[in-house]
Amino acid sequence: MTTRWKASATLAAVTLLAMAGCGGEGSTAKADDTLTIAVIAKSSTNPVFLAARTGAEAAARELSAQHGIKIEVQWLTPPQEDGQVQAQRIQQAVNDGVDAILISCSDAGKVTGAINDAVDRGVAVMTFDSDAPDSKRFAYYGVDDIETGMRTMAELATLMNGKGKVAILAGNQHAPNLQRRVEGVKQEAAKHPGIEIIGTFNHIETPQDAAAEVLRVNNAYPELQGWAFIGGWPLFTQTLLTDLDPKRIKVVSVDALAPQLAYVEKDVVPVLLAQPVYKWGYVGVQTIVDKVHFKRDVPTMIAMDLVRVSKENLGEWAKQLQGWGFTDVPERYIKP
C-alpha cells in the first residue's frame, strides 16, 4: 500500500491529502490506484472456502475493469482450522501493508484482538461466514446461523415424520457460527416432541474426518435415524453414497457445491440448504471496495439467503454453480 503522487506538491499539501485519504473509521484507501485485500478463510482445504476465493478474485477482476483501479486479492488462509494461526495471518497482512482484510473466524476469541489491532493501525476488516461480533470489524456477511440450524432441523423432522433419534454433525467446536447453528437445531427440535437429539459431534473440518465421524457415530448408535449436518463436510467424499442407508437414516445438510449434488440425485441426502458460498468472496470484495475506496456507508450486517436444493431444482442450481465459474458441475445435471 504505497501512495504515489504524480503531481509535485509541497510537504504540507501532501500531508493534508494523505490525512484526508485516511479519513473515516476503518478506511485506509489513499490517493492510489491499487487496493489490496487479504482473504483469510478458515481452511484452504475446505471446498466452500475455495469457492469464496473464486468469488473474491472474480469480483476483483470485474471491479478493477469497471472502476479503473487495481484490486488485488491475497489469499492468506491457513491449511487447517486454527484461530491462532488466523491471528498471525492478520498481523502478517497488516505488516505487508494491505488496505483491508476479509476473514471467516475459526475462533472469535483468538482473532478479536488481532482484528482490533489491525483496525487501530488503519486496516479495514470485514467478516464473512463466521463473525467476531465484539471486534471492530465494520461489517459481517453471512446467513442467519440460528435460522440455518432451525431450517435444517425442520426439514429433517419432515423427512422423519416428526419422530426418531437425531445426531448433529457440527465441525469445529470453537467456531461461533457453527455453535449458533447447533443452537438453532436444538431450538427447532424442541418443537417436535417425537424427536430426540442423542448428541452433537465435532470433528476436524476435512471431508475424510467428517465422513469418518458419521460412520463412527452410526456404529456407536445403531438406533440413530437422522442426521442434521450443519455443514456439508462429509458430502465432498463419495464414502457416504454407499455407506449410508437412506431407508434407515434420513439426512439434511447445509451446503450444495457440485461434488455434493450426487447425494441429492441418489436420495441419500434429499435436501441441501445451499449457502451461495461464491458470494462470500464476491460480495465481500464488493463491500470492501465500496467502504474503503469509495468511502460509502455500508450495512453492518449483510444477510445471505439460503437456497433449498432438492431433486426438483437440482438442474437449476447446477446451472447457477456453472454460471459462477465452477467447472466440476456434472453435465448430466445441466442437460434437460
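In this predicted model, helix H3 (residues 83-96) packs with helix H4 (residues 108-120) at an angle of about 10 degrees, and their axes lie 8 Å apart. Helices (H or I, at least four residues) and strands (E, at least two) are DSSP runs, numbered from the N terminus; axes are lines fitted to C-alpha atoms, for helices over the stretch in contact, and angles run from 0 to 180 degrees between N-to-C directions. H3 is therefore roughly parallel to H4, a term for angles under 35 degrees. On the side of H3, the contact (heavy atoms within 4.5 Å) is made by Gly83, Gln84, Gln86, Ala87, Ile90, Gln91 and Val94. H4 contributes Lys110, Val111, Ala114, Ile115, Asp117 and Ala118. By class, seven residues of this contact are nonpolar, four polar and two charged; Ala, Val, Leu, Ile, Met, Phe, Trp, Tyr, Cys and Pro count as nonpolar, Asp, Glu, Lys and Arg as charged, and the others, Gly among them, as polar.

Pockets and cavities were located on a 1 Å grid over the protein atoms alone. A cavity is a set of points where a 1.4 Å probe fits but cannot get out, whereas a pocket is an open set with protein on both sides within 12 Å along at least five of seven lines; lining residues have an atom within 4 Å of a point. Grid points are joined across faces, edges and corners, and a volume is the space filled by probe spheres set on the points.

The largest pocket holds about 260 Å³ of space. It is lined by 18 residues, of which Tyr140, Gly142, Val143, Asp144 and Asp145 are the closest to its centre. Strand E5 (139-142), helix H5 (145-159) and strand E11 (301-303) each give two or more residues to this lining, and H5 gives the most, with five. Nine of the lining residues are nonpolar, two polar and seven charged.

The second largest pocket has a volume of about 200 Å³. Among its 15 lining residues, Glu81, Asp82, Gly83, Asn172 and His174 are the closest to the centre. This lining comprises one nonpolar, nine polar and five charged residues.

Two cavities of 30 Å³ or more are found in the whole structure. Helices H2 (47-67) and H6 (176-189) give two or more residues to the lining, with the largest share, three residues, from H6. The lining divides into seven nonpolar, five polar and five charged residues.

The chain averages a pLDDT (the predictor's confidence in each residue, from 0 to 100) of 90, and 90% of the residues score at least 70. Over residues 1-31, pLDDT stays under 50. Where pLDDT is low, the predicted coordinates should not be read in detail.

Residues are numbered from 1 along each chain as its sequence is written, and side-chain values use heavy atoms, with hydrogens and water left out. Local features need pLDDT of at least 70 and side-chain atom pairs count only at pLDDT 80 or more, while totals for chains, interfaces and linings use all residues.

How values were computed: Angles under 35 degrees count as roughly parallel, over 145 as roughly antiparallel, 65 to 115 as roughly perpendicular and the rest as oblique.
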